[in-house]
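Work through the exercises below on aromatic ring pairs. Each task is followed by a stepwise solution.

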Amino acid sequence: MSSKYVDVTGITPTSQFPKCPPRHPFTEFCETDKLCIPHPNPNIRDVLEVCVNVVICSAKIICTPVGNKVVVEGTKQIKVTFAADDPCQSVHCAHFEIPFCSLILLGPIKDEVIQVCSAIEDISVRCLDCRCLIVNTVIFICPVFEEPYNYCSHPHDDNGNYRF
C-alpha cells in the first residue's frame, strides 16, 4: 500500500487564481479529510490519483457586532483512483462529496457581493491503511463585488497625503 507517487489534480494554476488587490477580504483554510474506500471495493494497493474540485453552493451576508461577514457553504468533490490489492481487479475509483462552511470578514465594505470565487492552493495525500487515506486540501475563497471596492478611500490632507 502506497501513496508515494500519487498524481494530484485540482490545484488552481496561478494564472486562474482570483485577482485580489491588497486588503481585499478573503479567507483560506486547510481541510483534512479521512476517506475510507466503501465496500464492496477491494483494498488499496497503491493510490494512483486524487482529484479535488471545490464547488461553492451558497453565500449569504450576515451582520455581526464585528462587521458584516459572508457565510460560504460548499462541497469538496474528491475522486480517488487506486490500484486494487487483488490481481484480478486492477483499477478502481471512489467518489466523495464533503461539505464545508467558512466565513469571510467584510468589515466596513458595503458593496454587494455578486460572486464568491474559490481556488485550491495545495493538496496532499497519505495512506493510513489498506482502506483509508487522508487528503489535505488548502482552499482560498474571496468575494467579488458589483463595483470594485476602493481600498484607498482614506481622506487626503491639502498636500495629497493620506490621513489615518
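**Aromatic pairs**

F17 is partly exposed, at a relative accessible area of 22%; the class lies between buried (under 20%) and exposed (over 50%), with a 1.4 Å probe and protein chains only. The model is predicted: local features need pLDDT of at least 70, side-chain atom pairs count only at pLDDT 80 or more, and totals for chains, interfaces and linings use all residues. Residues are numbered from 1 along each chain as its sequence is written, and side-chain values use heavy atoms, without hydrogens and water.

**Exercise 1.** Determine how F17 and F140 are arranged and where they lie.

Step 1. Rings of Phe, Tyr and Trp (its six-membered ring) pair if their centres lie within 6.5 Å; planes under 30 degrees apart are stacked, over 60 edge-to-face, the rest tilted.

Step 2. A search of the whole structure finds three aromatic pairs. In the pair of F17 and F140, the centres are 4.8 Å apart and the planes at 45°, a tilted arrangement.

Step 3. F17 sits in the loop between β1 (7–9) and β2 (27–36), and F140 in strand β7 (residues 132–145), 123 residues apart. Strands are DSSP runs (E, at least two residues), numbered from the N terminus.

Step 4. F140 has 6% relative accessibility and therefore counts as buried.

**Exercise 2.** Classify the pair of F29 and F100.

Step 1. The ring centres of F29 and F100 are 5.6 Å apart and the planes at 50°, so the pair is tilted.

Step 2. F29 belongs to strand β2 and F100 to strand β5 (residues 89–107), so the pair ties together parts 71 residues apart in sequence.

Step 3. F29 is buried at 15% relative accessible area, and F100 is buried at 6%.

**Exercise 3.** State which residues ring pairs link into a cluster.

Solution. The cluster consists of F17, F26 and F140.

Note on methods: Helices (H or I, at least four residues) and strands (E, at least two) are DSSP runs, numbered from the N terminus.
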